[in-house]
Amino acid sequence: MAAIAIIGHGVVGSGTVELFEKNKASIEKKIGRKVEIKKILDLREFPDSPYAHKFTKNFDDILNDSEIEVVAEVVGGKTFAYDYTKRLLESGKSVVTSNKELVATHGAELLAIAKKKNVNYLFEASVGGGIPIIRPLNKCLAGNSIEYIAGILNGTTNFILTKMIREQMDFNTALKMAQELGYAEADPTADVEGYDAQRKICILGSLAYGKHIYPENVHCEGITKIAAEDVLYAENAGYGIKLIGSVKQVGDKVSAIVCPRLVSRANLLSSVDDVYNGISVVGDGVGDTLFYGRGAGKLPTASAVVGDLIDALKHNERAVTIGWDDNDDADYVVSYKSVETSVYVRAKAEDADSLKSKLSELFGKLIFIERNGRPSDEIAFITPSFVESEIDEKLEILSKSMSVESKIRLL
């Protein structure tokens with residue numbers, strides 16, 4: 001008989017219990033022995049739960065129980081979740097988690113402890129909810145040199161942008177709808193400012209390139225400044241707007257960024273709408289691959305947690321090979337200003353069309369974009385590819401003639 005425990009009985013925790021109990025018979029066949037959820041840790045009361053007898057408020061009830069082999073940590077955050085996880089691993093218990101903030105911040109350290117103790121620290125659910133991406137990167141694509149990863153990693157922002165594009169909603173109206181439908185928290189900062197996607201691209205980049213990428217070193221921009229005008233210009237030019245997290249290797253360093261991007265309608269990521277996520281991985285052997293599905297939610301995320309529980313139980317006497325090295329090089333992530341990109345610019349000027357010749361003189365061949373009802377004091381264009389610092393220098397030269405209202409990079 002194998003025993004497991006769950007820390008946290010919120011949306012993901014309750015979904016993990018539900019899915020585990022529903023599929024218990026098939027799970028036991030897969031691991032080759034009986035298994036039960038022995039303890040569920042939560043500070044709240046659940047008197048009406050069919051599992052009420054399994055609840056505890058004392059972490060030591062899990063830590064000191066020698067029968068518990070694997071623990072699912074699904075509370076989130078990096079305070080007591082970090083302390084709990086570290087102590088569990090050091091005690092010889094495997095841990096699986098959906099906690100992207102903890103993995104992005106302390107992943108290298110926790111993976112090193114797991115390796116030393118010959119246990120597992122697994123985190124499939126930390127990126128993409130129910131979409132398999134961690135295991136494919138670590139196993140199926142291990143024979144490739146990963147050239148590039150770019151993804152729509154946050155369902156909340158993707159839902160908001162979809163509403164802005166399809167129904168011409170403004171940002172605040174779309175956000176309110178997302179909150180009413182339960183897709184966005186009362187405080188949506190982590191989603192709309194890009195921090196959630198930032199943590200996830202750090203995890204994917206660390207796994208792909210073997211060194212820890214810390215969130216504080218990755219430039220992050222959210223979607224709060226995207227206006228309805230930008231959506232219309234992008235549509236007319238054959239693009240959608242998506243919040244994209246991306247990472248690629250640059251010599252012995254990496255380039256990583258989270259920001260809104262214009263995505264061509266020819267790119268499959270442009271068709272990933274609503275609360276869905278899509279992650280594009282380019283390998284030198286496999287070429288282009290796309291992982292698609294629900295990136296969040298009770299049962300999709302629980303699906304990944306339960307999958308990791310099964311993996312840890314099947315490998316209870318050895319560690320699954322997964323991880324990356326810690327990294328104290330603050331310059332490991334190159335400045336986004338030093339990376340070549342094309343950008344969409346929307347600007348205001350008294351007589352905007354009169355600036356076209358000066359803009360073309362500075363940037364070369366520009367693509368000027370129109371929209372219905374474009375006012376005479378507005379101009380929108382897409383630049384050729386330049387190092388971003390050069391683009392900013394050119395825009396600064398024009399700052400006396402126009403004010404830049406929006407600047408969005410192209411994917």
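Colleague: Which strand does β10 join, and how do the two run?

Modeller: Strand β10 (residues 253–264) is joined to strand β18 (residues 403–410) by two bridges, and the two run parallel; strands here are DSSP runs of E with at least two residues, numbered from the N terminus, and two of them pair if DSSP finds at least two bridges between them. This is a predicted model, in which local features need pLDDT of at least 70 and side-chain atom pairs count only at pLDDT 80 or more, while totals for chains, interfaces and linings use all residues. Residues are numbered from 1 along each chain as its sequence is written, and side-chain values use heavy atoms, with hydrogens and water left out.

Colleague: Which residue stands opposite R261?

Modeller: That is R409, in β18.

Colleague: And what about β14, in which sense does it pair with β18?

Modeller: Strand β14 (residues 343–348) pairs with β18 in the antiparallel sense, over six bridges, and A347 of the model stands opposite V404 in β18.

Colleague: Changing topic, how many disulfides are there?

Modeller: The structure holds zero disulfides, a disulfide being a pair of cysteine sulfur atoms within 2.5 Å. C220, for instance, is in no disulfide, and the nearest cysteine sulfur, that of C259, is 8.9 Å away.

Colleague: Is C140 buried or exposed?

Modeller: C140 is exposed, with a relative accessible area of 62%, where exposed means over 50%, buried under 20% and partly exposed in between (1.4 Å probe, protein chains only).

Definitions and conventions:
Helices (H or I, at least four residues) and strands (E, at least two) are DSSP runs, numbered from the N terminus.
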